[in-house]
Amino acid sequence: MASVTRAVFGDLPSGAGTVEKFQLQSDLLKVDIISWGCTIMALEVKDRQGKASDVVLGFADLEGYLQKQPYFGAVVGRVANRIAKGTFTLDGKEYKLAINNGPNSLHGGVRGFDKVLWTPRMLSNGVQFSRVSPDGEEGYPGELKVWVTYMLDGGELMINYRAQASRTTPVNLTNHSYFNLAGQGSPNIYDHEVIIEADAFLPVDETLIPTGEVAPVQGTAFDLRKPVELGKHLQDFHLNGFDHNFCLKGSKEKHFCAWVRHAGSGRLLEVYTTQPGVQFYTGNFLDGALKGKGGAVYPKHSGFCLETQNWPDAVNQPHFPPVLLRPGEEYDHTTWFKFSVA
């Protein structure tokens, strides 16, 4: 069983509304989620000694989340990840999006789903957030009704994403939490072991847009099907880090996605999803400039993301899994983050 409590977290500037914080608690996990961007701001997990630590990067107050920051803990959309040159064509019409990441559009644009206030509804073991993204918001066609539901069951946090569109539009929703299983504020993730259950990955160009090739991981640095220790692996392959989509099983059913273990604390994270891809990102752009919770700074490689998703730029790459949602259909995807001690 889980308990849920709600409290005021802070007020948005110029009377734009009140942000609330919801605390979901079970015997194994304690999760704090705010209604600004449906953001996971804290996630406490016990280690093998029974000592709880917060394992997600983020801020102690609302001001932290309102500043320019790299999507800590937030839900991103209407389309997560990158769209090449911020354009796509649908039914013969060209749509132009904000260019906010080099020459491309990233995570829904300048004011994506991470930078809006959602309407919360408490559930017995979680919280559901909803909003209506108006027709034309950030350049996307059609009105989109969206529901994001967080539910806690023992050591498992489930996130369900649902959406309905008034016109055909691309939709790709994910959560952008940065994890460090040693505890947030730990200097790096080099001592984490990682498995990603993927036989293929998407190579990218210099602006991080997939080239279109679906490349086998076999014999490459991207073969993470057996556990690798991250620091040693990056060193062995002379990698700056990962920021790539790994191609998962094509099934719409729940499937195993990834496994991460921190030997020092014994904390183990398993990820399951209904999505066809996961962006494994190792915090390559973190630079220590932001002041996080408890005075922590977040240097390069101090957190990792496992963003379950459709493949990046799918709206421009017809052989990628379909990303368009049509009127009368429902977008419905779920991801499970399961924490334990090994």
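Let's start with Cys305, which is buried at 0% relative accessibility; buried here means under 20% relative accessible area, exposed means over 50%, and partly exposed is in between, with a 1.4 Å probe and protein chains only. A word on what we are looking at: this is a predicted model, where local features need pLDDT of at least 70 and side-chain atom pairs count only at pLDDT 80 or more, while totals for chains, interfaces and linings use all residues. Residues are numbered from 1 along each chain as its sequence is written, and side-chain values use heavy atoms, with hydrogens and water left out.

Back to the cysteines. How many disulfides does the structure hold? The count is 0, taking a disulfide as a pair of cysteine sulfur atoms within 2.5 Å. As a reminder, a disulfide is a covalent bond between the sulfur atoms of two cysteines. Cys305 is in no disulfide, and its nearest cysteine sulfur, in Cys257, is 13 Å away. For Cys38, the closest cysteine sulfur is the one in Cys305, and at 17 Å that is too far for a bond. Cys38 also counts as buried, with 0% relative accessibility.

Now to the active site. Which residues does UniProt list under that name? The unreviewed entry gives His176 and Glu307; UniProt positions are in the numbering used here, feature names are shortened, and annotations may be inferred rather than shown by experiment. These residues span 132 residues in sequence, yet no two of their C-alpha atoms are more than 6.0 Å apart, so they gather at one spot. The lining of the largest pocket includes both His176 and Glu307. For the record, a pocket is worked out on a 1 Å grid over the protein atoms alone, as an open set of points with protein on both sides within 12 Å along at least five of seven lines; a cavity is a set of points where a 1.4 Å probe fits but cannot get out, and lining residues have an atom within 4 Å of a point.

Let's take the two in turn. His176 sits in the loop between strand S16 (174-175) and strand S17 (192-196). Strands are DSSP runs of E with at least two residues, helices are runs of H or I with at least four, and both are numbered from the N terminus. Is His176 buried or exposed? His176 is buried, its relative accessible area being 3%. Beyond its neighbours within four places in sequence, His176 is in contact with residues including Pro70, Tyr71, Phe72, His107, Tyr281, Cys305 and Glu307, where contact means heavy atoms within 4.5 Å.

Leaving out residues up to four places away in sequence, Glu307 touches His107, Thr174, Asn175, His176, Gly277, Val278, Gln279 and Tyr281. The side chains of Glu307 and His176 make a polar contact at 3.4 Å. That term covers a pair of N or O atoms within 3.5 Å; within protein, one must be able to donate a hydrogen and the other to accept it, and residues adjacent in sequence count only if both atoms are side-chain atoms.

In the loop between strand S24 (277-281) and S25 we find Lys293. Lys293 is buried at 8% relative accessibility, and among the residues it touches are Met41, Asp54, Phe59, Gln184 and Tyr298.

Finally, the other sheet on my list. It is open, with 9 antiparallel strands in the order S11-S12-S13-S14-S27-S23-S22-S17-S20. Its edge strands, S11 (119-123) and S20 (228-229), each pair on one side only. Strand S13 (residues 144-153) is mostly covered, with 7 of its 10 residues buried. S13 pairs with strand S12 (residues 126-133) over 8 bridges, and with strand S14 (residues 156-165) over 10 bridges. S13 and S14 form a hairpin with 2 residues between them, and Gly154 in the turn has a positive phi of about 60°.

Conventions
Pairing = 2+ DSSP bridges.
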